[in-house]
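Hello,

Here is the structure for your files. My notes on it follow below.

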Amino acid sequence: MTLCLGRYLKPDTYCANLDDLDFPAFFEDGYRLVLLDVDNTLARHGSFAADEYARRAIDRAQQAGLACRIVSNAGKKRIHAYAATLGLPYVAWARKPSTRGIREACRIESIEPEATIMIGDQILTDIVSAHRAGCLAVLVRPRYNQEALHVRLKRFFERIVLAAYKLKTGKQRRKKRS
Ligand SMILES: [Mg+2]
């Protein structure tokens, strides 16, 4: 049971923030596309514009040779505005944990899911959709603590998962694409 669930819930890498990710190592391991969640991964929930933290992460990924695209469950109007401040293409209303948004992003970029990394702050949406699509699943600790009630309920469940798998933020695990 644990192993079966773990296939979908357990991130391949768990990091404290985006600054901890080694993008050149991802490129070296064969990855070519980075898909990023927005709310509480790149930005505060509800943001319309990127800050220095988000710009730094995107710059580092692109300098490592990785294509970047936003894949968010938020609506098109806000994600269009947010993505424009980073000069990034996007898929809005992605409906994670559905794989729809990830598959659409991979198709547009002509990069297979196996060479794609999905980075997000929520296990039940970002990590599950990444595993279901066949991407590398990277969990990042939420940027901010103030969250809506339904998200806080999901955080409770996430803490159980993180404890069950003894997951702690730390060094990026190397996992070459199969
Ligand atoms: Mg998020």
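**Notes on the chain**

Of the 178 residues in the chain, 42% count as buried (20 or more other C-beta atoms within 10 Å of the residue's own; exposed means 12 or fewer, partly exposed lies in between, and C-beta atoms are placed from the backbone). This is a predicted model, in which local features need pLDDT of at least 70 and side-chain atom pairs count only at pLDDT 80 or more, while totals for chains, interfaces and linings use all residues. Residues are numbered from 1 along each chain as its sequence is written.

The C-alpha trace spans about 40 × 40 × 30 Å along its principal axes.

Secondary structure comes to seven helices and six strands (DSSP runs numbered from the N terminus: helices are H or I with at least four residues, strands are E with at least two). Along the sequence the pattern is α-β-α-β-α-β-α-β-α-β-α-β-α. The six strands form an open sheet with parallel pairing, in the order S1-S6-S5-S2-S3-S4 (strands pair if DSSP finds at least two bridges between them). Strand S1 (13–15) and S4 are the edge strands, each pairing on one side only. S2 and S3 run parallel and are joined by four bridges; leucine 35 stands opposite arginine 69 in S3.

Helix H5 covers residues 100–109, and its buried residues are Gly101, Ile102, Arg103, Ala105 and Cys106. These pack against strands S2 (33–36), S3 (67–71), S4 (90–91) and S5 (116–120), and against helix H6 (123–133). After H5 comes serine 110, with a positive phi near 55°.

The largest nonpolar core has 48 residues, and Val34, Leu35, Ile102, Ile117 and Met118 have the most contacts inside it (such a core is a set of buried Ala, Val, Leu, Ile, Met, Phe, Trp, Tyr and Cys residues joined through C-beta atoms within 7 Å). Leaving aside neighbours within four places in sequence, methionine 118 is in contact with residues including Leu35, Ile102, Asp126 and Val138 (contact means C-beta atoms, placed from the backbone, within 7 Å).

Glutamate 112 sits in the loop between H5 and S5. It is partly exposed, because 14 other C-beta atoms lie within 10 Å.

Regards

Key: Two residues are in contact if their C-beta atoms, placed from the backbone, lie within 7 Å.
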